[in-house]
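Here are some notes on this one, jotted down while going through it chain by chain.

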Amino acid sequence: MKFLYAAYTATWIIHISYLAFVLRRYIRLRNKIQELNQK
Amino acid sequence: MSALATLTRASLSKDLRLEWRSKDAINSMLFFALLVVVIFSFSFDPTAEESRRIAGGLVWVAFLFAAVVALNQTWARELRNQVLDAYRVSPAPANALFLAKALGNFIFVIVLEAFMTPLFIVFYNLRALGAAYQLLIVSALGTWALVVNGTFFAAMSLRTRSREIMLPLLLFPISIPALLATVEGTTAILTGDYSPKFWIVLLAAYNVVFTTACLLLFDKVLNAE
Amino acid sequence: MLRRAFPILGVLTAALLSYGLYEALIGAPIEQSMGEVQRIFYYHAPSAWTAFLLFTVNFVASVVYLIRRSIKADILALVTAEVGVVFCTVVLVTGPLWARPVWGIWWTWDIRLTSTLVLWLIYVSYLMLRRFSSSGQTPLMAAVLAVFGALDVPLVYFSIWFFRTQHPQPVIGGGGSIDPKMLQVALINWAAFLCFAGLVCWSRYRLELLQREVEETEALEALLDSGGAP
């Protein structure tokens with residue numbers, strides 16, 4: 001049972017960390033776009 | 001076809017002559033492989049029976065790392081004097097250059113193996129229990145498998161940052177089946193437990209597949225702009 | 001059009017994922033010999049199928065790029081490789097977590113496990129190449145590497161298959177028939193993961209497209225600046 005929950009949790013941790021990585025890139029890009037627009 | 005052969009021969013003999021005069025690649029490879037052998041030898045200190053089982057792996061790991069040293073220098077000389085740019089605008093077929101480089105590397109690594117094998121025999125007390133002549137086939141095929149992709153990936157990594165690190169990162173994952181086949185084939189011959197035939201066939205298939213792929217795609221890599 | 005559909009699709013995917021999770025944890029029958037731990041299967045196998053599908057798309061996109069040099073194919077290849085590696089990681093993490101209680105070992109050089117590991121290594125090196133090479137030739141190099149990786153897959157499979165027959169291995173219960181309900185739950189989860197992967201790929205695709213546009217604008221800006229002030 002312990003292993004079952006560990007596996008399911010691990011799966012979602014991996015997916016969520018990838019989503020966080022994508023989100024961070026998005027935020028960085030949005031900041032850059034704002035910077036370019038101000039120029 | 002004959003233009004390809006002539007150009008390959010010209011380019012290869014130029015590389016060999018350069019290497020003969022400087023001996024840069026071969027010296028660094030030899031010393032590197034020697035270090036690996038010595039370090040492995042006293043970190044394991046195996047008996048004859050054990051060494052037969054592990055020697056295949058050790059030998060090929062040493063050769064692999066040493067080969068990377070040579071492969072990394074393949075294109076450095078050509079890059080320095082814009083030879084590659086000159087080659088790009090000339091009507092010479094790109095494959096001639098690739099074949100010459102791959103053959104040159106093949107010869108360097110084979111020479112290295114010829115020098116290092118006696119050392120391995122001394123340090124590890126090796127004696128093949130299977131048919132020893134098959135070792136020649138396995139090492140020739142295994143070396144070509146490493147070198148053909150290595151030369152290709154070295155050309156690919158020319159355009160990346162920190163290209164010396166990039167080459168093994170690209171080469172090792174793709175080479176896993178070839179390495180496995182070479183190591184297992186060598187072990188099979190050394191221990192004489194089973195036939196290395198399947199591994200030889202696999203290596204031959206690997207070589208045919210990747211040599212074809214390299215020859216078909218090298219033109220694109222050289223002319224990438 | 002798609003932009004407006006995105007939240008709706010997101011909600012639908014979340015619903016499907018939760019339904020899949022419910023079915024996997026409660027709905028599916030308990031496996032007799034392995035017990036509750038077998039439920040890892042409902043995440044493990046669908047993730048593997050999704051990863052393989054994404055890698056196939058990556059290969060096709062790379063070939064299309066080599067023929068047509070279309071930027072869209074290149075971005076698609078990058079995105080599917082990234083998401084494929086994420087799913088492959090899930091497979092490689094859940095695999096040992098399943099193996100430990102059932103076979104008593106974390107890892108064995110089993111053919112499927114090892115091939116998946118090698119596949120993962122190949123695609124990680126692909127992503128490394130994309131990361132380290134910053135020039136305009138990156139797409140071409142990456143596409144070439146993807147083709148090499150795909151050529152490698154059958155060779156990897158055969159070499160490990162033969163390697164395995166020579167070395168004694170722990171006996172791994174395979175084959176046998178699978179309960180139709182179990183298969184159904186696995187397929188539901190697969191559908192959910194496919195929707196999820198599709199959405200992630202799509203957002204990542206938009207992001208990459210936008211990023212390249214911004215980089216182009218930036219380069220143009222820098223060019224204008226240097227031209228304007230000699």
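**Notes on the three chains and how they meet**

1. Starting with chain C: buried residues make up 38% of its 230 residues. Bear in mind throughout that this is a predicted model. The secondary structure of chain C comes to 6 helices and 0 strands, so its pattern along the sequence reads simply α-α-α-α-α-α. Along the principal axes, the C-alpha atoms of chain C fill a box of roughly 80 × 45 × 30 Å. If you take the contacts in chain C between residues at least 6 apart in sequence, 78% of them join residues at least 24 apart.

2. Chain A is quickly described. It has 1 helix and 0 strands, and its C-alpha atoms fill a box of roughly 55 × 5 × 5 Å along the principal axes. Of the 39 residues in chain A, 10% are buried.

3. Now for who touches whom. There are 2 pairs of chains in contact, and chains B and C share the most contacts. Chain A and chain B are not joined by any contact; their closest C-alpha atoms lie 22 Å apart.

4. The contact between chains C and B takes 27 residues from chain C and 27 residues from chain B. On the chain C side, α4 (111-132) and α5 (138-166) each supply at least two residues.

5. The contact between chains C and A takes 23 residues from chain C and 19 residues from chain A. Here the elements of chain C that give two or more residues are α3 (71-103) and α6 (180-228). The side of chain C that touches chain A has 12 nonpolar, 5 polar and 6 charged residues.

6. Which residues have the most contacts inside the largest nonpolar core? They are Phe63(B) and Ala77(C), in a core of 124 residues. The element that gives the most to this core is α3(C), with 18 residues. Setting aside neighbours within four places in sequence, Phe63(B) is in contact with Ala33(B), Val109(B), Leu112(B) and Glu113(B).

7. As a reminder, an α-helix has 3.6 residues a turn, so residues three or four places apart point the same way. After α2(B) comes Asp45(B), with a positive phi near 45°.

8. Is α7(B) largely enclosed or largely open? Of its 25 residues, 19 are buried, so α7(B) is largely enclosed by the rest of the structure. The geometry of this helix (residues 133-157) also checks out: at 1.5 Å a residue it should span 36 Å, and its end C-alpha atoms are 36 Å apart, which agrees.

9. Leu78(C) sits in helix α3 and is buried, with 23 other C-beta atoms within 10 Å. Leaving out neighbours within four places in sequence, Leu78(C) is in contact with Arg130(C) and Glu208(C). From Leu78(C) to Ile122(C) it is 44 residues in sequence and 14 Å in space, C-alpha to C-alpha.

10. The other is Met128(C), in helix α4 of chain C. Why does Met128(C) count as partly exposed? It has 17 C-beta neighbours inside 10 Å, whereas a buried residue needs 20 or more and an exposed one has 12 or fewer. The C-alpha atoms of Met128(C) and Ala142(C), 14 residues apart along the chain, are separated by 9.7 Å.

Notes: Residues numbered from 1 in each chain as written. Chains lettered and ligands numbered in written order. Predicted model: local features only at pLDDT ≥ 70, side-chain atom pairs only at ≥ 80, totals over all residues. Contact = placed C-beta atoms within 7 Å. Helix = DSSP H or I, 4+ residues; strand = E, 2+ residues; numbered from the N terminus. Expected span 1.5 Å × (residues − 1). Nonpolar A, V, L, I, M, F, W, Y, C, P; charged D, E, K, R; others polar. Core = buried A, V, L, I, M, F, W, Y, C linked by C-beta atoms within 7 Å.
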